[in-house]
Amino acid sequence: MQGAGAAEGRSRGSPSTMDKADESAKKARLDLPNGHSVKQELVAVAGGDGGAIVAVAEHSPRAELAVKIDMCVLHCPLCALPFKPPVFQCKGGHLACGGCAAQQPSGQCGACADGCGFFDPCPALDAVVSSTRVECPNAGCHMYVTYHEADEHRSACAHAPCRCAEHGCGFVGAAPDLAGHLGAAHSVPVHAIRYGKVSRLQVPVSTPRLLLVGDGDGRVFVLTVGALGAAATAVSVVCARGSAATRPRFTCKMWVNLTTSAAADGGKADIVLVEMQVRSSTSPGAVVAAGEPTFLTVPPAYLVPGADGGDGAAAIEVPLSVRIDKIAPWSD
């Protein structure tokens, strides 16, 4: 009896294993020793066959808890694309994304032999899909984005790698790093611009390109200059970005005024102008102005003499006015 009483006392003194599991499962928040609460969030790490659950503190300091997760849970078994809410599940437990569920005959699961596998919303998996975030793989980004939006983020990320197209140069880095590299290693001129404001540049026709760097966000644009036929000059601009397939985020207006001395009647000067959406390029150094879908054509009469080129002859320049505008705010 005494042994039984002691055992009973020990049982009352500490919670059972099942009680501990229930208590742990019910905790939506974790308490840190210093009193800060920690909200649990699922964060999957891209690469390999695993992931991580990260507990992010609402107030500093930050605490993390990492576990493995099978990444196939986050993909539709029918189309293999990442799940995005709403996710559907049939009575047999088979999952489908919204697009695939809608394509099934009469909304029934094709994997269910009895023909009774109607798809219904699955709020539980919706919650997992909505809270699963992955870290951007681009060096310097440090952002976590929702898993099913990861590809879109990577394509627009300012830290996506770009390549230097100079002959024999193997540099690969984020667009801001590429700008520094081109300026330092290849002496490409660099000019700061303000969005929505006109920048006036004297661009030598002998300079194949120069860099325009956005004030405030460091976005890099490469302005290219090249011959067009026997006498005309072509000018175009591209945005240095890690993915050239992403939709344009900027517009550009470029123009050149005919100088007063060249105007026929001394009145208002003529102007050549182009407006375009700014294309993206992962290798902006390889872009040729005349090869772009849209470029500014500068006739010989619009060119002006510039500073001494060093050989006793004045350089020929394009008196260019440039204005770049954002189409939409950046989210990366």
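Which residues form one aromatic cluster? Y195, F221 and F250 do. The model is predicted, so local features need pLDDT of at least 70 and side-chain atom pairs count only at pLDDT 80 or more, while totals for chains, interfaces and linings use all residues. Residues are numbered from 1 along each chain as its sequence is written, and side-chain values use heavy atoms, with hydrogens and water left out.

**Aromatic pairs**

The structure holds 3 aromatic pairs. Rings of Phe, Tyr and Trp (its six-membered ring) pair if their centres lie within 6.5 Å; planes under 30 degrees apart count as stacked, over 60 as edge-to-face and the rest as tilted.

| Pair | Centre to centre | Angle between planes | Class |
|---|---|---|---|
| Y195 and F250 | 5.6 Å | 25° | stacked |
| F221 and F250 | 4.9 Å | 90° | edge-to-face |

Helices (H or I, at least four residues) and strands (E, at least two) are DSSP runs, numbered from the N terminus.

Y195 and F250 are both buried. Buried means under 20% relative accessible area, exposed over 50% and partly exposed in between (1.4 Å probe, protein chains only). F250 has a relative accessible area of 1%, and F221 counts as buried at 0%.

**Cysteines**

With a disulfide taken as a pair of cysteine sulfur atoms within 2.5 Å, the count comes to 0 disulfides. The sulfur of C100 has its closest cysteine sulfur in C97, at 3.5 Å, which is too far for a bond. C100 is buried at 10% relative accessibility, and C136 is buried at 6%.

**Largest pocket**

The largest pocket has a volume of about 270 Å³. Its 14 lining residues include L81, P82, Y147, H148 and D151, the closest to its centre. A pocket is an open set of points on a 1 Å grid over the protein atoms alone where a 1.4 Å probe fits, with protein on both sides within 12 Å along at least five of seven lines; lining residues have an atom within 4 Å of a point. Helix α5 (residues 150-156) gives the most to this lining, with 4 residues.

Terms used
Points joined across faces, edges and corners; volume = space filled by probe spheres on them.
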